[in-house]
Amino acid sequence: MKNIVLIGMPGCGKSTFGKRMAKRLQLPFYDADTVLEEREQRTIKDFFAESEDAFRAAETHTLAYLAGCDGAVIATGGGAVKRAENMELLKRGGVVIFIDRKPENIIDCIAGDARPLLAADKQKLYTLYNERIALYRQYADYTIDNNGDFGRVLRELLNIAAKLEG
């Protein structure tokens, strides 16, 4: 089975839905940011203290590793789409699903969150969304709107996975 790769903004539900999907489908789940920190023995915050470029290089290295999986659910970091190389790696052996959630619906969910790009200014979420939305749409094989019913979103994700198996 191909990998199921979830892309979208920070706080859109990639990890939450990815874990649920993986459990239901009995597949391994990988959060790319967690895998990056484990493999690199550095926190994302540490990488960003050096530079965003340092983080993006480590992210590409991690995504190349994860792209080698077979039949896994992978939640990428929100900015993985910023490098075409990342998405080419992931699309080779995976189906990419964009979980689209409006920034105004994300802001309350990430209150108190320590995400490096959003730590100082939650309003930056709108800027990031506007910068990335075209890339999310470009790379997505499927798009799911996550601006309402949690159960509906999970059902839609599982329906896509069922199509991949059959």
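**Overview. Salt bridges in the predicted model.** The structure contains six salt bridges, a salt bridge being a side-chain nitrogen of Lys or Arg within 4 Å of a carboxyl oxygen of Asp or Glu. Side chains of opposite charge can pair when their charged atoms come close. This is a predicted model, in which local features need pLDDT of at least 70 and side-chain atom pairs count only at pLDDT 80 or more, while totals for chains, interfaces and linings use all residues. Residues are numbered from 1 along each chain as its sequence is written, and side-chain values use heavy atoms, with hydrogens and water left out.

**View 1. The salt bridge between R56 and E52 in helix 4.** The side chains of R56 and E52 meet at 3.1 Å, N to O. The two residues are four apart in helix 4, and about one helical turn therefore separates R56 from E52. Helices (H or I, at least four residues) are DSSP runs numbered from the N terminus. R56 counts as buried because its relative accessibility is 6%, whereas E52, with a relative accessible area of 26%, is partly exposed. Buried means under 20% relative accessible area, exposed over 50%, and partly exposed in between, with a 1.4 Å probe and protein chains only.

**View 2. The salt bridge between E59 and R56.** The closest N and O atoms of E59 and R56 are 2.9 Å apart. Both residues belong to helix 4, where three residues, about one turn of the helix, separate E59 from R56. E59 and R56 are both buried.

**View 3. The salt bridge between E156 and R152 in helix 8.** The side chains of E156 and R152 form a salt bridge of 2.6 Å, N to O. In helix 8 (residues 150-165), E156 and R152 are four residues apart, which means a separation of about one helical turn. E156 is partly exposed at a relative accessible area of 28%, and R152 is also partly exposed, at 25%. Elsewhere, salt bridges that share partners link E52, R56, E59 and K82 into one network.

**View 4. The contact of helix 4 with helix 5.** The axes of helix 4 (residues 52-67) and helix 5 (residues 84-92) come within 8 Å and cross at roughly 10°. Helix 4 is therefore roughly parallel to helix 5, a description given to angles under 35 degrees. Axes are lines fitted to C-alpha atoms, for helices over the stretch in contact, and angles run from 0 to 180 degrees between N-to-C directions. E59, T60, L63, A64 and A67 in helix 4 meet E85, N86, L89 and L90 in helix 5, with contact meaning heavy atoms within 4.5 Å.

Notes:
Parallel < 35°, antiparallel > 145°, perpendicular 65-115°, else oblique.
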